[in-house]
Each structure stands twice: as C-alpha cells, then as structure tokens.
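Me: I am new to this structure. Can we go through it in short steps?

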Amino acid sequence: MIKPLDNHVVLKVEKQNQEEKQVGGIYLAGAKEEKPNTAEVLAVGPGRVLENGNRVAPEVEVGQKVLFDKYAGSEVELDNQKYLVVRDTDLIAVID
C-alpha cells in the first residue's frame, strides 16, 4: 500500500458509467469521456507543517467518499491497481 507524506491523500477513483452518445450510429462531437471526480480515501498523510512547527492534519479520514478538483493529483499504478495521490487542499467536499 502507498503511505502518503505531509498533506497528501491516496484515493481510489470511482469509475463512472459513461454511455456513448450516438445518433443513428454516428458518435456525437463533444461526447468524450470525462475524468471522474469522486473517489474513496484509502490513506491519509499526517498533515502539513506550519511555519511555527505545528502540524495541521487533513480533514478527511480513510473510507470517506470525496469530490476532488478535476485535474488534481498524480496517477500512480502499484500492483496493477491505479491510485490518485492528491494534496488535501485539492479535495472539494466529503460525500455523505
């Protein structure tokens, strides 16, 4: 498993069901597949260190579902599994 450092968070991105849009067998322009922006939190780093030396822990916990910025993070593949590593500041919301 990946152990994130500082304020990084490891996410397992949820695949979205994208139906191909076609009319009469012709693919519509602009119907390209967009990158999903929801994921499950798999691991959380200890947080970033402030100038005064105090550490600020990320606001998310393992197991939560989150929304993240569309172009955030770095994709990583480990043991044939793809993960997304983002900074906690790239997370937009927690999904209940």
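Me: In this predicted model, which residues does K65 touch, leaving out those up to four places away in sequence?
Reply: K65 is found in strand β7, residues 65-68. Neighbours up to four places away in sequence are not counted. That leaves E14, A39, E40, A93, V94 and I95.

Me: What distance does the polar contact between the side chains of K65 and E14 have?
Reply: E14 is on the contact list of K65. Their side chains are also joined by a polar contact. Its length is 2.6 Å.

Me: Is K65 buried, partly exposed or exposed?
Reply: The relative accessible area of K65 is 39%. Buried means under 20%, and exposed means over 50%. K65 falls in between, so it is partly exposed.

Me: Why does N7 count as buried?
Reply: N7 is found in the segment before β1. Buried means under 20% relative accessible area. N7 counts as buried because its relative accessibility is 5%.

Me: Which side chain does N7 join through a polar contact of 3.4 Å?
Reply: N7 touches G47, R48, V86, R87 and D88, not counting residues up to four places away in sequence. The polar contact links its side chain to that of R87.

Conventions
Residues are numbered from 1 along each chain as its sequence is written. This is a predicted model: local features need pLDDT of at least 70, side-chain atom pairs count only at pLDDT 80 or more; totals for chains, interfaces and linings use all residues. Side-chain values use heavy atoms; hydrogens and water are left out. Helices (H or I, at least four residues) and strands (E, at least two) are DSSP runs, numbered from the N terminus. Buried means under 20% relative accessible area, exposed over 50%, partly exposed in between (1.4 Å probe, protein chains only). Contact means heavy atoms within 4.5 Å. A polar contact is a pair of N or O atoms within 3.5 Å; within protein, one must be able to donate a hydrogen and the other to accept it, and residues adjacent in sequence count only if both atoms are side-chain atoms.
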